[in-house]
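I opened this entry to keep track of what I looked up, item by item.

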Amino acid sequence: MSDFLAAARLEAARLQHDYVGTEHLLLALVQGADPSLQTILGTFSATPEQLRERVEKRCPRGKGAPGEGAEIPLRSGARRALDQARAAAGGLDPSAQQLLGALLTDGRGIVSASLADLGIPVAKIREALGIERPGAGTPPDGDGAPVQRVEPRKPPEKQERAPKAERAPRGERPARTESKPERGERTRGERAERESAERPAVAPTTRPRRGDGPPRIAPVHEPFLTWRKLPLLAIPVSLYMGFAGGFPPLVVFIAACLAVLPLAGYMGEATEHLTARTGPAFGGFLNATFGNAAELIIAIVALRAGLVDLVKASITGSILGNLLLILGLSLVAGSLKTPIIRFNRTAAGMSAGMLALAVTGLVFPTLFHGVSTSANQELIELHLSEAVAVVLAVTYGFSLLFSLKTHSRLFAGEPHPMTGHLWSVPVAIGVLALATVGVALESEVLVHAVQELSTEHAWLSQTFLGLIVIPIIGNAAEHATAIVVARKGKVDLALNIAMGSSTQVALLVAPLLVFIGALIGPNSSGQYMNLVFTPIEVIAVSLSTILTAIVTLDGESHWFEGVQLLALYAMVAIAVFFL
């Protein structure tokens, strides 16, 4: 219950409200991906994001929330809903379904009206949840007196048709029989909800009792074969071509890349479903661990094969791809609806500072490589890289503590849109495990094809493949999500995906690869995995960080700044191609 109230207060602070009402409790359920609410919305072809938009339209931003450290008070309606949910739970912490049922008790509140705006018959939902109809002794919001029950009018007895002489004169029209809106029902949504409550509801065949789980509404099933599942056919084809041999390396490379795309997408989706189940704190750890898992697995397989330069290029390429390509496309997509897009300056400033720190971690080992003339220079550079990696990893841990725990209110933005049925924990873990095994197998095929490609085709270097091609393949699902949510107007979320992924790679993935490389040992040429990068890689990452900071630090942007980021990425790709 304390986590739920904290989430509701965060929603109130985000909307600049100095109170917590039933609308904020509903938004907390939306953010927590409540299965009962998702089942209801999915049945009527609605999404949590649409419900959030309806609620925010009915209660626009306020004049300002209390300062940091001050607790936002509960309104009487919210306090009464929480008390009712506790009573339904027998004095224990109520479940999400019991909280939803308590919020739906008020038939004329913001919660019911927002659902009615989406065409959801609230009366049927209340009946499926086993909730008493509103008005049965429930006091209205802000008033302690109970509502007086009004008996329905009895229909008048049928009368015979009056003869023509007894009809009313032409100038005196009879009173209309249409029911006028009651007092307080000023909006279309409230009238629609009242009319749906007055219609005779079709009783379900099996009426669930309270606490028996979500309402029994038939879920909407997607077709078995979709465009998203079509690339899965490349998995058996690529595995056969890779392990059987005798196929052109370019064909094998393309097939392996197509096979990695859906596997990386399922890894990201399983992580999102686990995050929705575990809460924001542990969810941040899961995103940090599995957000770039496909690329990390490919890099580990490449290290085992001795392709150290390919791994280093993939690290810088992932940073460049997120900062320039994905952020640029997100800004262009977000500007299609509005000329000026605005986002959280605090989150953007923190990401820019973390990326500047990561660039520093890349610069010092590279500078040492250029000025040192020691006899054991390779070993000294490895120890220097390990020390820098420890500092970067510890700093990343503190950044998670700062953004998820101590100053989480500063980073309260839109949650990740979750549509469809929420997976259970065993299903999400099973999908994550199977996708991880699939990516590991495809990485063997991919790395072997890269070795043959760089040998047969001199124009296709390992640096170009690692800097441009492999990062796009490994992060394709995350990149697509950022562009889609930016197109829907969720620019804060798109920036969090793009810049947050770059921070993960620079401060978490790169240190992990240094330690894994130390365990694997040097390659056949005696080269260790360290943080010594080529000058063009260091310069490209430095210029990208500077340009991204210039674009994002003012908290607003437009499509032309996105074009500038894309132009820098194109110039880096051209320069690496001609190396």
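Entry: I started with arginine 304, which counts as exposed at 59% relative accessibility. The model is predicted, so local features need pLDDT of at least 70 and side-chain atom pairs count only at pLDDT 80 or more, while totals for chains, interfaces and linings use all residues. Residues are numbered from 1 along each chain as its sequence is written, and side-chain values use heavy atoms, with hydrogens and water left out.

**Entry: its partner.** I looked for what arginine 304 pairs with, and found a salt bridge to glutamate 444, with the closest N and O atoms 3.4 Å apart. Glutamate 444 lies in helix α17 (residues 425-456) and arginine 304 in helix α13 (residues 293-304), so the pair ties together parts that are 140 residues apart in sequence. Glutamate 444 is partly exposed, at a relative accessible area of 33%. By salt bridge I mean a side-chain nitrogen of Lys or Arg within 4 Å of a carboxyl oxygen of Asp or Glu. Helices (H or I, at least four residues) and strands (E, at least two) are DSSP runs, numbered from the N terminus.

**Entry: other salt bridges.** How many salt bridges does a search of the whole structure find? It finds four. One of them joins glutamate 556 and arginine 342, at 3.5 Å from N to O. This pair links distant parts of the chain: glutamate 556 is in strand β2 (residues 556-557), arginine 342 is in strand β1 (residues 341-342), and they are 214 residues apart. Glutamate 556 is partly exposed at 31%, and arginine 342 is exposed at 58%.

I then checked glutamate 11, which forms a salt bridge with arginine 52, the closest N and O atoms being 3.1 Å apart. Glutamate 11 sits in helix α1 (residues 2-14) and arginine 52 in helix α4 (residues 48-58), 41 residues apart. Are these two buried or exposed? Both glutamate 11 and arginine 52 are buried.

**Entry: overall counts.** I counted 22 helices and two strands in the protein. Of its 579 residues, 45% count as buried. I also looked at contacts, meaning heavy atoms within 4.5 Å. Among those between residues at least 6 apart in sequence, 79% join residues at least 24 apart.

**Entry: helix α14.** Helix α14 (residues 308-334) has 27 residues and should span 39 Å at 1.5 Å a residue; its end C-alpha atoms are 37 Å apart, which agrees. The expected span is 1.5 Å times one less than the number of residues. Where does α14 bend? It bends by about 35° at glycine 321. The bend is the angle between axes fitted to the seven residues ending there and the seven starting there. I found 24 of the 27 residues of α14 buried, so it is largely enclosed by the rest of the structure.

**Entry: α15 against α16.** The axes of helix α15 (residues 345-371) and helix α16 (residues 377-406) come within 9 Å and cross at roughly 170°. That makes α15 roughly antiparallel to α16. The contact includes Met350, Leu357 and Phe364 of α15, and Ile380, Leu384 and Tyr396 of α16. Axes are lines fitted to C-alpha atoms, for helices over the stretch in contact, with angles from 0 to 180 degrees between N-to-C directions. Roughly antiparallel means an angle over 145 degrees.

I stayed on α16 for glutamate 386. Glutamate 386 counts as partly exposed at 21% relative accessibility. Beyond neighbours within four places in sequence, glutamate 386 is in contact with Val514, Phe515 and Ala518. The C-alpha atoms of glutamate 386 and alanine 518 are separated by 8.8 Å, though the two are 132 residues apart along the chain.

**Entry: helix α21.** Helix α21 (residues 535-552) has 18 residues and reaches 26 Å from first C-alpha to last, close to the 26 Å expected. Its buried residues pack against α14, α15, α18 (462-474), α20 (491-520), β2 and α22 (559-577). Serine 544 is in α21. Serine 544 is buried, with a relative accessible area of 0%. Leaving aside neighbours within four places, serine 544 is in contact with Leu320, Leu323, Leu324 and Leu568.

Note on methods. Buried means under 20% relative accessible area, exposed over 50%, partly exposed in between (1.4 Å probe, protein chains only). Angles under 35 degrees count as roughly parallel, over 145 as roughly antiparallel, 65 to 115 as roughly perpendicular and the rest as oblique.
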